[in-house]
Amino acid sequence: MKIWVTRHGQTNLNLKKLMQGLVDEPLNETGILQAKAAHEKVKDIKFDAVYASPLDRAVETASIIAGVDRSEVITDKRIIETDFGKYDKCSYYKMGPAMTLYWALPEIFPAPKSVESIGSMVERSSSFLKELEKKDYDNVLVVCHGGIIRAICGYLEDRKNGIKWRPKPHNCEIRVYEVSGNKYKPCKIY
C-alpha cells in the first residue's frame with residue numbers, strides 16, 4: 001500500500017498568518033490553484049480511497065486532487081486539525097510565549113490550557129492509520145492539516161516521540177509512504 005498524505009490548500013486565514021485549527025475555513029483562490037497543481041502531479045494515480053478531515057478545506061482539496069466528487073471523499077474526524085482552543089484566529093506572531101514555544105518545540109514545552117496535546121494528536125492519528133492498514137488498498141489519499149500531519153508522519157516514520165515536527169508541511173505538498181515489510185518508508189515528496 002502507498003499512503004499519499006497532503007495538507008489542504010491555502011485559506012484566507014493561512015494567508016493572513018492566523019491559526020485556524022477547528023475553524024471551518026474554505027479554500028481561497030490560491031488554495032484551489034494549489035490543489036489543481038497537485039492534481040496534475042498525481043493525475044495518473046488511481047486512488048482506491050480518498051480520506052479527508054471533515055473540515056471543508058480538506059474535503060475540497062481531496063476532491064480536487066483525486067479528481068472525484070466531494071461525495072466520494074470519506075471524512076474521518078480523527079484526522080481533523082489540532083484543536084487550538086482560544087488561539088484559533090490568533091496571529092502567529094501574537095500568540096504569547098506559551099503557545100509560541102509549544103508550537104515551535106512540542107518535544108520540550110507542554111500544550112497550553114485549551115490546546116490539544118501531542119499525545120492526543122498521536123493517539124487519534126495512530127487509531128486512524130491502524131484502521132487504514134487493515135484495508136486492501138494499493139493507493140490511498142489522505143488530506144488533512146499541518147498539525148495532524150506531523151503526528152501522521154511520525155507514525156508512518158516510526159518516530160519514538162510519535163511526531164515528525166519538521167520540516168513543516170506546505171499547502172498541497174504530497175508526502176508518499178510505501179509499505180515495506182511491516183514498516184513504511186518515505187518514497188517521494190511532490
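**Close-up views of a predicted model**

**View 1. Lining of the largest pocket.** The lining residues of the largest pocket comprise nine nonpolar, eight polar and five charged ones, where Ala, Val, Leu, Ile, Met, Phe, Trp, Tyr, Cys and Pro count as nonpolar, Asp, Glu, Lys and Arg as charged, and the others, Gly among them, as polar. Of the 22 residues that line this pocket, M19, Y92, W103, R150 and K168 lie nearest its centre. A pocket is an open set of points on a 1 Å grid over the protein atoms alone, where a 1.4 Å probe fits, with protein on both sides within 12 Å along at least five of seven lines, and lining residues have an atom within 4 Å of a point. This is a predicted model, in which local features need pLDDT of at least 70 and side-chain atom pairs count only at pLDDT 80 or more, while totals for chains, interfaces and linings use all residues. Residues are numbered from 1 along each chain as its sequence is written, and side-chain values use heavy atoms, with hydrogens and water left out.

View 2. E173 is buried, at a relative accessible area of 15% (buried means under 20%, with a 1.4 Å probe and protein chains only). Apart from neighbours within four places in sequence, E173 is in contact (heavy atoms within 4.5 Å) with V5, T6, R7, I189 and Y190.

**View 3. R150 and W165.** R150 lies over the face of W165, at 4.7 Å from the ring centre; for Arg, this requires CZ within 6 Å of the ring centre and within 35 degrees of the ring normal.

Key
Buried means under 20% relative accessible area, exposed over 50%, partly exposed in between (1.4 Å probe, protein chains only).
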